[in-house]
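Open the model in your viewer and get your selection tool ready.

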Amino acid sequence: MAQDISDLETVMWTHGTRSLSAYYAGDFAKAAAWANAGIALAPNHPQAIRLHVNGLARALARQGDHAGTLRAIGVAEDLSSRHGVTTALTPCISMDPYGVTRTLANAITGHVALGDTAEVLRYETEISEYVAASDSHWTRSLVRLDVATALLSGRHPDVEHAMVIGLEVLQDAEDGPLILSVVQRAHDLRRNSGDWADVPAVREYAEALRAWSETPHVRQLAGSATMPTSPHALGRTPRDAATDHFASGRVSFRPSAGS
């Protein structure tokens, strides 16, 4: 429908959502391709903020592309400044442009994948006030789990601090709103702490995670997960969609160079 009425903003938002789906399906190359296809439609549009930081940066980080990740984050921050977006924590799939805090929260996830502990902590300090003041319980959990995972990286891992944060997230998430990403990152933290399996704090977190994962709240969420298991479940690919043209009332989905 957005294509039929030449609604560029919604089409770009849809590219971002396809990229998000591919990312959680584990197809990071496809996630980057969808993001690049959306960015190519209007590189300076406010919707490109989300495409750069949620779609492109995180996908490139999971592929180990350090330079590409930093470049995508930098463009998102530049666009945020240029468009004067809000500092409030906007919803992650809002039709509105990403706010600064949401953008930096996504940048944190990218830096976690790259093992950039110092950058994770720097960004977390910058947005902590806004995240704490928001009513997004699960966003606070995601940011804290990212920080905990980052603390396991670098030359001087702080294993015990990381496990304390992980335990606090599990406790806070017992009754509050929960999304699948929180469950996934909680388990990622356990896997990343595998090198310290004999440390008491790690064993305590692993036991707490096991018990938490068996609660009806978490089991129900995991059982009802509808994320596609394959990028092909998303339907059309960036290449399939490249035949559409904005000038004829259809929006071109052609991925940009390098996607």
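Start by selecting Trp 212. Beyond its neighbours within four places in sequence, Trp 212 is in contact (heavy atoms within 4.5 Å) with Leu 170, Ala 173, Glu 174, Leu 178, Val 182, Val 183, Ala 186 and Val 218. A word on what you are viewing: this is a predicted model, where local features need pLDDT of at least 70 and side-chain atom pairs count only at pLDDT 80 or more, while totals for chains, interfaces and linings use all residues. Residues are numbered from 1 along each chain as its sequence is written, and side-chain values use heavy atoms, with hydrogens and water left out.

Next, select Leu 209, which lies in helix H10 (residues 200–213); helices here are DSSP runs of H or I, at least four residues, numbered from the N terminus. Leu 209 counts as buried because its relative accessibility is 1%, and buried means under 20% relative accessible area with a 1.4 Å probe, protein chains only. Apart from neighbours within four places in sequence, Leu 209 is in contact with Leu 170, Ala 186, His 187 and Arg 190.

Now widen the view to the largest nonpolar core: buried Ala, Val, Leu, Ile, Met, Phe, Trp, Tyr and Cys residues joined through side-chain atoms within 4.5 Å. Of its 63 residues, Met 163, Leu 178, Tyr 205 and Trp 212 touch the most other members. Helix H3 (residues 47–62) supplies the largest share of this core, 8 residues.

Finish at helix H2, where 11 of the 14 residues are buried, including Phe 28, Trp 34 and Ile 39.

Key. Buried means under 20% relative accessible area, exposed over 50%, partly exposed in between (1.4 Å probe, protein chains only). Helices (H or I, at least four residues) and strands (E, at least two) are DSSP runs, numbered from the N terminus.
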